[in-house]
Amino acid sequence: MMFDESDIEKVAETIAVSIRCIQETEKGQTEKSQIRENKIEKSQTGNHWTKNNKTESDAAKLMEPGKDMNRTDINGKEASDDKPENMTHLSADKLVLKNHPVIAFRGEIDALEAEIILVQHQVNALGMLSLERDLEEIRIFVHSLIRLEIMQEPVKTGILCGMSDEQIHAYSHHPGKYFGIQHFVPSKEQGVVSAYLNKLRTASRQAELSACRAFLRMDLIHALNRLSSLFHVMMIKYLHGDYPASMVEVEASGRHIHLCEEDVRRLFGEGYELHKVRDLSQPGQFVCSERVSIYGPKGVIENVVILGPKRKESQVEISKTDARMLGIEPVVRQSGHISQTPGCILKNGNREVTLTEGVIVAARHIHMHPDDAMRMGINDGDFVKLKIPGERGLVFDHVLARVSQSFATYAHIDYDEANACGLDGKNQGMIIKEGQR
């Protein structure tokens, strides 16, 4: 495309007009900013704060103990907003501009805690509960730093994530000696978890630099320096395999019956003892050779296995599919919680027992030994999610963790659930934290 001399002159004139407009706009903004700065001065180095022609003494009245600057003016009347929007409290009685170095430091700590929470969600979804537990310990420590800075309290040194200051320093400086991993440069090949931890390392370093700019106490600076080193050590531990996913063996629990002493006598005779065939995964629990039939309003299920040992109360555990076949309204309960549940009739030949309650659909659950529970950061009574991999993989919600010295660590689901997720033999499930109830 060709331009003649008149076209070039028009373009030049247009550019000149645009430049003048920009300059006038910037000049106006500068003048407005200067006017505002004349009204609001820093509360540092002896400068006083004024707004709407209020004097330093007026401001002092607003900052008297018990005065709410956002709601009361110097005459004690309600005010919509007496604190300038570009200022905030450095302390209870001191206002500063929001770009004050200490306020910036507090913002960096707030941002670091937010980043930690996001990473906690990510690693929890990956089943890395021991890593999530370490991150929660760090989050609590980070959260305390703002309070310690405001209250002028010292940062207490000690053990963090099971490591002392000296150990963190040694591990971060000599990873080859302690983990067999040489110093490395972060890369995507190290995986997404390593990337998350590296992001936290850089965020803690930014908070440390902010503390330096604010000329804060050396104990705060040291704490953040230690923290960035700790995140580096956690990256090393992850690459070393020290943060595995929390896996548990999953078993399908078929329909079965637990009998009390009295009901064993009624079904099999006086003084009868159940005969053990084989042990189950839970210590002390076993399959018996005896079988009985379950009768409901609409149907019967024969040849149902009895599990030992005997219990204080009889209990029948079936699936929802079984309940519909029997004509029983299914009630989902944890084992042993049989109050106000449906009943049924149990028969062994010409002997029978009528249960007024005790028929349940067993709620899915995980038996956990305390050692495994501690390693995974799970407490007795916690509800978790259970992720089953595979072609028909599913995530089961509301899985109760039951922790006891008498338990071996296994997850139990019923046959309906096992068929839904395509459970085939002995499968491994991933535990994902859901929260406590």
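Reader: How many residues does helix α8 have, and how far does it reach from its first C-alpha to its last?
Author: Keeping in mind that this is a predicted model, helix α8 covers residues 218-240, which makes 23 residues, and it reaches 33 Å from its first C-alpha to its last, close to the 33 Å expected at 1.5 Å a residue.

Reader: Is α8 mostly covered or mostly open?
Author: Mostly covered, since 17 of the 23 residues in α8 are buried.

Reader: Changing topic to pockets: how much space lies in the largest pocket?
Author: The largest pocket holds about 1000 Å³ of space. Of the 43 residues that line this pocket, S253, H256, L280, L307 and H412 are the closest to its centre.

Reader: Which elements give two or more residues to that lining?
Author: They are the strands β3 (247-253), β4 (256-260), β5 (276-279), β7 (300-311), β12 (359-362), β13 (365-368) and β16 (410-414), together with the helix α12 (415-420). The largest share comes from β3, which gives four residues to the lining of the largest pocket.

Reader: How does the lining of the largest pocket split by class?
Author: The lining has 15 nonpolar, 15 polar and 13 charged residues.

Reader: Let me pick β13 out of that list. Which way do its residues point?
Author: H365 and H367 point one way from β13, while I366 and M368 point the other way, and all of them are buried.

Reader: What does β13 pair with, and in which sense?
Author: With strand β15 (residues 394-403) it runs parallel, joined by four bridges, and with β16 it pairs in the antiparallel sense over three bridges. H365 takes part in both pairings, with L400 as its bridge partner in β15 and H412 as its bridge partner in β16.

Reader: Now the backbone. Where is there a cis peptide bond?
Author: A cis peptide bond joins G308 and P309, with omega about 5°, and P309 has its place in strand β7. As a general point, most peptide bonds are trans, and most residues other than glycine have a negative phi.

Reader: On that last point, which residues other than glycine have a positive phi?
Author: Two that I can point to are C161, with phi near 55°, and Q340, with phi of about 60°. C161 is in the loop between α4 (129-151) and α5 (165-173), whereas Q340 lies in the loop between β9 (332-333) and β10 (344-348).

Reader: Are C161 and Q340 buried or exposed, and why do you class them that way?
Author: C161 counts as buried because its relative accessibility is 8%, which is under the 20% cut-off. Q340 counts as exposed because its relative accessibility is 72%, which is over the 50% cut-off.

Reader: Since a cysteine came up, how many disulfides does a search of the whole structure find?
Author: Such a search finds zero disulfides.

Reader: What about C212 and C260, then: buried or exposed?
Author: C212 is partly exposed, with a relative accessible area of 36%, whereas C260 counts as buried at 11% relative accessibility.

Methods: Residues are numbered from 1 along each chain as its sequence is written. This is a predicted model: local features need pLDDT of at least 70, side-chain atom pairs count only at pLDDT 80 or more; totals for chains, interfaces and linings use all residues. Side-chain values use heavy atoms; hydrogens and water are left out. The expected span of a helix is 1.5 Å times one less than its number of residues. Buried means under 20% relative accessible area, exposed over 50%, partly exposed in between (1.4 Å probe, protein chains only). On a 1 Å grid over the protein atoms alone, a cavity is a set of points where a 1.4 Å probe fits but cannot get out, and a pocket is an open set with protein on both sides within 12 Å along at least five of seven lines; lining residues have an atom within 4 Å of a point. Grid points are joined across faces, edges and corners, and a volume is the space filled by probe spheres set on the points. Ala, Val, Leu, Ile, Met, Phe, Trp, Tyr, Cys and Pro count as nonpolar, Asp, Glu, Lys and Arg as charged, and the others, Gly among them, as polar. A disulfide is a pair of cysteine sulfur atoms within 2.5 Å. Two strands pair if DSSP finds at least two bridges between them.
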